[in-house]
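Here is a short briefing to read alongside the model. Please keep the viewer open as you go.

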Amino acid sequence: MPGGAGASSPMASSTGGFSRRGLLRAAGASAAVVGGGGLLEACSSSIKGASSSSTASSTTSASTQDIVIGFIHPLTGDLADFGTSDNWIVSTIQATSQYKNGFKVGGKTYPVTIKSYDTQSDPTRAGQLASQAILSDKVDLIVTSSTPETVNPVATVAEKLGTPTICGNVPWQAWYANLGGNPTPGKSTFKPTWVTVYFLGVNDLCNSFIPMWNRIRSELSTDKVAGCMFPNDSDGNAFRAAWPIFAGAAGYTLVDPPAYTDGLTNYSSFISEFKSKNCDFFTNVPLPPDFNTMWKQAAQQGYKPKLATVAKVLLFPSDVAALGSLVNNIATDAWWAPGMPWKSSFTGQTCAEIAAAFTAATGSQWVQSLSNYSLFEVAYAAMTSVNNPHDKAEVAAALFNVNIEGVAGQLDWTSSKNPAPGVVDTPCVGVQWKPNSKYGWSMEVVDNTLMPQVPLTSTLEPTNK
């Protein structure tokens, strides 16, 4: 999902709670990614994949040694689309006065070094890189982003080894369950010590997708039956636990076949079941290559749902190339878009201005992962609020007191409205892929139920009529 994206979750909502079974599924799938404590201590700097770039003040001393921030993210592999804007973000952050001139803390100025670690979209590697960053590279703080496959192993290591960590672009329920918390509304009392997260939850995705289902159902007089295709991973298990709560309350019947293993190449049994049970709606949360394979097979086998609402896939322009015209009017979520009403806490730039700067620098369309800019906004806010930015316990405590408006929205870890300790739940809008004369396809906002302040840029239409 960040789903995703990239995507991953069990959930928070006033409509109901989770089954214990669903929660255990979600927690177990995430925990298995990292393995036992022996692995964590054994990892060393022999792991390849860290590169460094730094910003520095002109006046330094031994007492103001560099603050080192490790950025662990997928730049290559199946999840690389989530890292599309990350290098641009780092260079942009380094150019801000806050980072370029060093962090001013307690009357001293500390140069800042950012070290980048490419997970290659491998969960095991993500955990190993976190261990390397902490034990060998001696980072002061970690920022990490992009799906449970990346973020959960890093958060697990950081919590175990005692390093402040800011997480983004991972549905919060999967993140929280992975750490041992219970995401069930009213039972989310576990408080992590070292790690925090900001991102949407499965609750936001459901509450974004169902209004779009309702509108298409009303327009086309469809059945209220939705086909679900959830993998046996952290995202899939979280969605399986959450969707019945929301879909049932809205009067929908879910057709949910047994979980499949990531990397499956033949989806005929799923497609046949969805066709036979008149699943006019479709939702899933797969790895991007798996969805591409499945959706092409669905077209070949005549499964044409009236509206497809997918998570973790088709979140970025690069995702659509493999599907061509088959992407037309597929709906998904957008946790970030140029029309969102937020500003950089560093420069005052609006989301629209950030998007325009990215396009001007790269020649590419804006991408949702520009929200990763806020990882560094939160890092700055926390580290400049303490007495000693090298005191990990002090910085970790400060993370839970951050309250800023940034590029990713209002990020307030002190709010009583947060669904769980350490969690800021950010909302989303519904979007569809539409033909675009310049880029071929563009992501357009078609539903703003959860964020009415975000303007619509197009009209919701059926994926298939």
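In what follows, buried means under 20% relative accessible area, exposed over 50%, and partly exposed in between, using a 1.4 Å probe and protein chains only. The model is predicted, so local features need pLDDT of at least 70 and side-chain atom pairs count only at pLDDT 80 or more, while totals for chains, interfaces and linings use all residues. Residues are numbered from 1 along each chain as its sequence is written, and side-chain values use heavy atoms, with hydrogens and water left out.

- Strands (E, at least two residues) and helices (H or I, at least four) are DSSP runs, numbered from the N terminus.
- Five of the five residues of β9 (residues 225–229) are buried.
- Val-225, Gly-227 and Met-229 point one way from β9, and Ala-226 and Cys-228 the other way.
- β9 pairs in the parallel sense with β10 (residues 253–255) over three bridges, where pairing takes at least two DSSP bridges; Gly-227 has Val-255 as its bridge partner.
- Helix α9 (residues 234–249) carries the chain from β9 to β10 in a right-handed β-α-β crossover, that is, clockwise from the first strand over the helix to the second with the strands pointing away from the viewer.
- β9 also runs parallel to β11 (residues 281–284), joined by four bridges, and Ala-226 stands opposite Phe-281.
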